[in-house]
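This report is written for a reader who is meeting the structure for the first time. Please look over the sequence and the model before reading on.

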Amino acid sequence: MECCGKSEADGEAKEETMEDVMEKNRRCTDVLFLLLFVAFWIGMLAVGVIGFASGDPRVLIYGTDYQGDLCDKGDLDGLKVRYWVNPYEIMSSLSMYNTNSYNIKDAKSICLNGCPKTAADNTSAVNWVCNYPDSEDGYGYKTWTKDTWEQNNYNYYSLLNVTLQKTSLQWKGPCYPVLLPTVNNYQSCQYYGQVHVESETAFANEAKAKLGSSSYNAPESYPLSTVVATLSSTISDSLSAPVAVMQRYIDDFAQGWAVCLVMGFVAPVLLSFVWLAVLRYFTGVFAYMIVFMVNLGAIMCTVYLYMKAGIIGSDAVSAAIGAPADSVLNDPAYTDPAEDNETVLKYCAFAATAVTAVFLVFSLLMLRRIAIAVAVIKVATQAIAGAPSVVFFPIAPVLLTLGFGAYWLPPPPDPFS
C-alpha cells in the first residue's frame, strides 16, 4: 500500500549517504534575502560614490566663515583657523541675552592663519582684525588682496574712511578690536584671560573722539571683562558637542590611516612569524615572556592613562593646538573643550588599575602552572615541524579581512562630510 508516493512493500527506504546529498542539484533557496543583499550592496556603492564625488573630509576639521566658505579651501587656502570677530555676538546667542533663534553659528567668524594677538603689554595701541578685503557683502577694502590683508595682520582700519571707522568703533565692522587673548582649540580661536586694559582704554578714547560722545558706551549693558569665562565656555560647548566630537574621531581615522595600516596589519603579520619562531624554539622563554609582557603592558597603559588624565605629570589631554603656556591652560576664565575627554580618561585609568591588579594576582597564582603550559605548547608546536606550510595558511584570510576593512573603514569621512 502506498502512502505519499512510497510503498512499504519495497522495504525500508534507502538511507541517504553524504555523497548522495552532495550530488543533489544545488539552488538558491532564499531568493528574497539574496535580492535584499544585492540591493544593500548597490546602495552601499551608491553612497560611497556620492561621498567620494561630493564629500570633503576637511569639513570635519575646519570651520566655516560667515559667508559659508570652508577654511583652508579654495580662496581661503592656508587660512585654517576660525575666529569670531565680535564677542558680543557670541553673548547674544545665549538664552539669557537671546530673544530669537540666533545661535553661535550665526555669529560672524572669518578664517585666519592663526589666532590674533592683543597689543603688547603696557602699550596703548589697539590691534584690529578686519573683514576680508574682497568680502561678498562689499563691506571690506577692495584695494587690497587677501595676500596683502594677511601680510598686514588683517588690519586696514587706518585706511578706512571716517564712516567705516565709526561703524568699526561701534562693533559693526568691517574692523573689530582685539581686546581679548585667544588660543587655538581644534582650529577655532577660543577666548580666555582678561581684557587688555590699555587697548580697551585706547579704543574707548578713540570712540569718544570720533563718535562725538563724552563717554564710550559698549554695545551691551555689561562690560566685556565680566563675560570672558562665559565666552570661553560657550565656544568650548560648541567644539565639544557630540556631532563635533564624532567629526573629529572620523577625521582622526582618516588622517591616521597609514599608521593603522602599518600597526594593524603589516607589523602584526611580520611579528607573527617571529612569534612562531620563538614559540617553536624557545617555548619556555616564550611562556614566561608572555606573562611578563602582559603585565608590563598593562602597567604602562595604566600609567599612560593617568598621565593623559592629568593625575600624573603635566601631559594631560588638551584641545589646544601647539604648545600653549601654562598661564593659558590654568587661566580661570579658560574652558578646555577636551575636559570631558580628560574625565573619561580618568575613569579609564581607574578601570585599568583594577585590571592590572587582577593580571598581577593571576600571574602570581599561575606560576606553578606555567610549566604545564610549556609542555602543552611544545607538543602543539610539533605540528609546525611536521607541516611547515601551515605557517602561511592565515595569510589569505588576513588579506581578505584587510581588503574588507579597507573597503568599509576609509570611505566614511567623505559621505559623513
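## A buried pair of cysteines

Cys-130 and Cys-175 are both buried, where buried means under 20% relative accessible area, exposed means over 50%, and partly exposed lies in between (1.4 Å probe, protein chains only). The model is a predicted one, in which local features need pLDDT of at least 70 and side-chain atom pairs count only at pLDDT 80 or more, while totals for chains, interfaces and linings use all residues. Residues are numbered from 1 along each chain as its sequence is written, and side-chain values use heavy atoms, with hydrogens and water left out.

Cys-130 is joined to Cys-175 by a disulfide with an S to S distance of 2.0 Å, a disulfide being a pair of cysteine sulfur atoms within 2.5 Å. Because the torsion about the S-S bond of Cys-130 and Cys-175 is about 105°, this disulfide is right-handed. Cys-130 lies in strand S5 and Cys-175 in strand S6 (residues 175-177), so the pair ties together parts of the protein that are 45 residues apart in sequence. Helices (H or I, at least four residues) and strands (E, at least two) are DSSP runs, numbered from the N terminus.

## The other disulfides

In general, a disulfide is a covalent bond between the sulfur atoms of two cysteines. By the distance rule, the count comes to 3 disulfides. One of them joins Cys-71 to Cys-111, with an S to S distance of 1.9 Å, and with -75° about the S-S bond this link is left-handed. The pair connects distant parts of the chain, since Cys-71 sits in the loop between helix H2 (31-54) and strand S3 (81-84), whereas Cys-111 belongs to strand S4 (residues 109-112), 40 residues apart. Both Cys-71 and Cys-111 are buried.

Cys-115 and Cys-189 also form a disulfide, their sulfur atoms 2.2 Å apart, and because the torsion about their S-S bond is about -110°, the link is left-handed. Cys-115 lies in the loop between S4 and strand S5 (128-130) and Cys-189 in strand S8 (residues 188-191), so the pair ties together parts that are 74 residues apart in sequence. Cys-115 counts as buried at 18% relative accessibility, and Cys-189 is buried with a relative accessible area of 1%. When the bonded cysteines of the protein are numbered in sequence order, the pairing reads 1-2, 3-6, 4-5.

## Cysteines without a bond

The sulfur of Cys-301 has its closest cysteine sulfur in Cys-348, 8.9 Å away, which is too far for a bond. Cys-348 is likewise in no disulfide. Cys-301 is partly exposed, with a relative accessible area of 41%, and Cys-348 is partly exposed as well, with 35%.

## Helix H13 and its two faces

Helix H13 (residues 367-386) has 20 residues and, at 1.5 Å a residue, should span 28 Å; its end C-alpha atoms are 30 Å apart, which agrees. The expected span of a helix is taken as 1.5 Å times one less than its number of residues.

Which residues of H13 are buried? They are Ile-370, Val-374, Ile-377, Thr-381 and Ile-384. Seen down the axis of H13, its buried residues fall within an arc of 75°, so they line one face of the helix; the arc is that of the directions from the helix axis to the C-beta atoms. What covers these buried residues includes helix H9 (257-281) and helix H10 (283-308), contact meaning heavy atoms within 4.5 Å. The face of H13 turned away from its buried side carries exposed residues, among them Arg-368, Arg-369, Ile-372 and Gln-382.
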